[in-house]
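Here are my notes on this one, written as numbered points. Have the structure open while you read.

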Amino acid sequence: MTEIGENIWIFEGAAVPFFTLPYTTRMTVVRLSDDELWIHSPIALTDELIRQIDQLGTVKYLISPNHLHHLFIQAWQQHYQGALTFGTKGVQQKRPDICFDGVFTPLFNAPWSEHIAQRLFTGSPAMEECVFFHKTSETLIVTDLIENFAPDSFTPLKRFVAGMAGILAPDGKMPLDWRLSFMFSKAEAKRHLQNILHWHPKKIVMAHGEIINSQAELFLKRSFNWLNID
């Protein structure tokens, strides 16, 4: 558990295999009013993790931000039965066995909006992702919108594959296959990015790879140079 700002923590999870690459996992936890906890992209639940989480507050919201981040939701639901679960339309279609309390849409009225802003990044037929901004710490929270793996986390062959996909630090991006799916909707993606830039994030936490602790806006513009942002 690492505190990265006022009322915000990250937790590192074990790697999971994805297209033969070892994807490290990371969960972000925000403490809202009345010690309620907002859990973004839950990692594998362990006894030690339960102990740490319970020291922070009461789990209120479980967030599945895209259709790839769902593996551990049910275990959290079973342990924290009072928690409410929210996710994108894609993850709810993929996992009909999981009970969701709400679906992210462009007009979603979030009960945590006082503390966390959000935007549904649409335009791709491959995947939608809901991205978040913790206002107090000025932290942008994403999952696969940006992947920024340390090169030494891969073997030479897998490092080559990851480099071709554009997901190696310090120049991490959206994975190549997802980027290509915006071929006919770059204008929509650019509008989303411009709105994210208007939050003026100071940090970027992603589920996979190295965190950005400085010059976050510059990193975002470089990461999304495929959109030809001015």
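1. The cut-offs are under 20% relative accessible area for buried and over 50% for exposed, with partly exposed in between (1.4 Å probe, protein chains only).

2. Before going on, keep in mind that this is a predicted model, where local features need pLDDT of at least 70, side-chain atom pairs count only at pLDDT 80 or more, and totals for chains, interfaces and linings use all residues. Residues are numbered from 1 along each chain as its sequence is written, and side-chain values use heavy atoms, with hydrogens and water left out.

3. Asp171 has a partner: its side chain meets that of Arg222 in a salt bridge (3.3 Å, N to O). The term salt bridge stands for a side-chain nitrogen of Lys or Arg within 4 Å of a carboxyl oxygen of Asp or Glu. Arg222 sits in helix H7 and Asp171 in the loop between helix H4 (156-165) and helix H5 (176-180), so the pair ties together parts 51 residues apart in sequence. Helices (H or I, at least four residues) and strands (E, at least two) are DSSP runs, numbered from the N terminus.

4. The whole structure has five salt bridges. One of them joins Glu12 and Arg26, at 2.8 Å from N to O. Glu12 belongs to strand S2 (residues 8-18) and Arg26 to strand S3 (residues 21-31). Glu12 is partly exposed at 49%, while Arg26 is buried at 11%.

5. Now look at how H7 packs with helix H6 (residues 186-197): the angle is about 170 degrees and the axes are 11 Å apart. Axes are lines fitted to C-alpha atoms, for helices over the stretch in contact, and angles run from 0 to 180 degrees between N-to-C directions. That makes H6 roughly antiparallel to H7 (the label covers angles over 145 degrees). Leu193, Ile196 and Leu197 of H6 touch Glu217, Leu220 and Lys221 of H7, where contact means heavy atoms within 4.5 Å.

6. Finally, find the open sheet of four strands, in the order S8-S9-S10-S11 with mixed pairing. Strands pair if DSSP finds at least two bridges between them. S8 (116-121) and S11 (203-206) are at the edges with a single partner strand each, so one side of each has no neighbour in the sheet. S10 (residues 139-142) pairs with S11 in the parallel sense over four bridges, and Ile141 has Val205 as its bridge partner in S11.

Terms used:
Parallel < 35°, antiparallel > 145°, perpendicular 65-115°, else oblique.
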